[in-house]
Amino acid sequence: MKVAVMSCIHGNYEALNAVLSDIDDQSADKIYCLGDLVGYGPHPNAVVEMIRALDIPTCQGCWDEDIVEGLNSCECSYPSVLAEKRGKQAHEWTDQVIHPEVREFLAQLPLSLRDDNLCFVHGSPHNQHEYLMPEVDAFVALERVLVTGADILFCGHTHVPYVRSLDAGQLQIRVKSTGTTERDVSFSAPLKRIVNAGSVGEPRHGRPNATYVIYNTDADQITLREVEYDYQKTCAAIIDNGLPPIFAWRLARGLEFAERADDPTHVCER
Amino acid sequence: MQPLNITLVAGSIGAGKTTWIQQQVHTTAETVIYLSLDAGETAVDSTYLAAEVPGLTVLSAVQLANFLEHPTDGCVVYLELGFHIDLNSIILPDPMADCRRVAVLPPGTRHTEWHGWADVVVTGAEASITLRQPHLWRSALSGQVLDSASLNTFWYELTNGAYGTIQRAKGIFDVADGRSLYFDFVAGLPETTDMELNLPRWLNGRPDRFSGIEIVGEALGQTAIAQTLKDCCLDEQAIAYYQQQIKDLIEQGEEVA
């Protein structure tokens, strides 16, 4: 069975269409979406309507949450005051144009999805705002997969796709309880993997192309797909809709509209 | 009295006028006086040279007039002219009539008005692009404190064409940790990193010293540039917060990066 996983569409309808068509060409049997359907891009309503129409199982991203709950994170979510101001501009624009039924749809999205030994989240199992960067400490990475009970954790949020295998994981724990002596327990974790699906609508890998992944369950094979699309159309729509022109400039260069936070594992508690 | 040793320096954008002057200063033991004739309120070159070149004194136009009336022996004077100044329109005061005229131009430049004007033509840096209608945009930012990460994003966007074609950009910016940073870009030359100017950290409110930016380019998105710069600036509360953090670190004897 082929499972297609996509994430971070960010209101980029052109990119979504191109990816859906590529998924079709690859004859995928199932599609999962890891959220961030809206924010920054010019077509948030159309993107959500398409996901709904195709009944694609989707979990809630951080932007989806912010549009439902209101922007309530502190400046820790942004790497710079400039990124914060741009993020707020994008949020306010999206907040104004979003249809009530689209907001309702985003509100009821689950935080994670499960399919057999596969788990799907936006950022990490702990929070949709947490970034699981490819270089994150191996113990942290392993803990994030183990906590789900799955073998493969699919995430997005960083906008750069990657596959990370966590093998030969040796864990040692010390058990302490009153009235008993301390006990050391060692065990080895079976092979676990983290797969980041990249971003459909707001890539950050230096090219404008959309990215997503396909997992072939029979061959146990993960393929990162990079799909060209007419990004100039999205750029024109960004400008026509009154979003800051710098968003279009960055999209055309695969630079994302804002940038990720300085401390990627920091999660705002507000 | 000895005749005054005065050099007028002109030349095209990004050819290296300021760099050439800096090189001359290093080879002279005399006191050097510098004035940029077109700087007005945005004195990027003057501020940079004053901070980085020991023994160089930057004068304003009024101070220069006074100096010419009562010159000190053993001084050399460099006057830098912007690329957009009409060389024929300059009326020099009498004491400067015999000054040396130097034009700094890219290699291979011939038959320009600078050639007719200069006594000496110095070969400067290669020009990678020639603008049909070069436009100079500048802005004084004195008193503003910028967030470093935002400034880096802005500078990357600016020098990679997000706000029009840029041939030359230079700026001096005060950042949150109290340093004054100098940024310099010439199209076609390898990208340089920003450098910290040899000035004390400013840790008491809004800096009372020059900061600002000069850009030469074509089809410049001036409103967007100004807005982005504004969005990089910190408010009073943030300035106070960061300055206090740096002061605490210094008090604890810790090295401030």
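Q: Into which domains is chain B divided?
A: In this predicted model, chain B is divided into domain 1, covering 5-123, and domain 2, covering 135-251. The C-alpha centres of domain 1 of chain B and domain 2 of chain B lie 26 Å apart, and the contact takes 16 residues from domain 1 of chain B and 21 residues from domain 2 of chain B.

Q: How should I read the area buried between domain 1 of chain B and domain 2 of chain B, and what is it here?
A: The size of an interface is often given as the accessible area lost when the parts come together. For domain 1 of chain B and domain 2 of chain B that area is about 1,500 Å², and carbon and sulfur atoms give 67% of it.

Q: How many salt bridges are counted between domain 1 of chain B and domain 2 of chain B?
A: The idea is to look for a side-chain nitrogen of Lys or Arg within 4 Å of a carboxyl oxygen of Asp or Glu. Between domain 1 of chain B and domain 2 of chain B the count is one salt bridge. The side chains of B:Lys170 and B:Asp45 meet in a salt bridge, at 2.9 Å from N to O. Helix α2 of chain B, residues 44-52, gives the most to the side of domain 1 of chain B that touches domain 2 of chain B, namely six residues. Sorted by class, that side of domain 1 of chain B has seven nonpolar, five polar and four charged residues.

Q: Turning to the two chains, how many residues does the contact take from chain A and from chain B?
A: The contact takes eleven residues from chain A and 17 residues from chain B. Chain A and chain B bury about 1,000 Å² between them, with 60% of it on carbon and sulfur atoms. In chain A, the residues that lose the most area to chain B are A:Val81, A:Leu82 and A:Trp249, which together make up 48% of what that side buries.

Q: Which residue forms a salt bridge with B:Glu157, and how many salt bridges are counted between chain A and chain B?
A: The count between chain A and chain B is two salt bridges. In one of them, A:Arg250 is paired with B:Glu157, the closest N and O atoms being 2.5 Å apart. Across the interface of chain A and chain B the rule finds eight residue pairs in polar contact, both residues at pLDDT 80 or more.

Q: Which elements give two or more residues to the side of chain A that touches chain B?
A: These elements are α4 (81-97) and α8 (245-252) of chain A, and the largest share, four residues, comes from α4(A). By class, the side of chain A that touches chain B has six nonpolar, one polar and four charged residues.

Q: Does A:Asp25 count as buried or exposed, and where is A:Asp25 found?
A: A:Asp25 counts as exposed because its relative accessibility is 56%. A:Asp25 is found in helix α1 of chain A, residues 13-25.

Key:
Residues numbered from 1 in each chain as written. Chains lettered and ligands numbered in written order. Predicted model: local features only at pLDDT ≥ 70, side-chain atom pairs only at ≥ 80, totals over all residues. Heavy atoms only, no water. Domains from an automatic or database assignment. Contact = heavy atoms within 4.5 Å. Buried area = accessible area lost by both parts, 1.4 Å probe. Nonpolar A, V, L, I, M, F, W, Y, C, P; charged D, E, K, R; others polar. Polar contact = N/O pair within 3.5 Å; in protein donor to acceptor, adjacent residues only side chain to side chain. Buried < 20%, exposed > 50% of the residue type's maximum accessible area, 1.4 Å probe, protein only.
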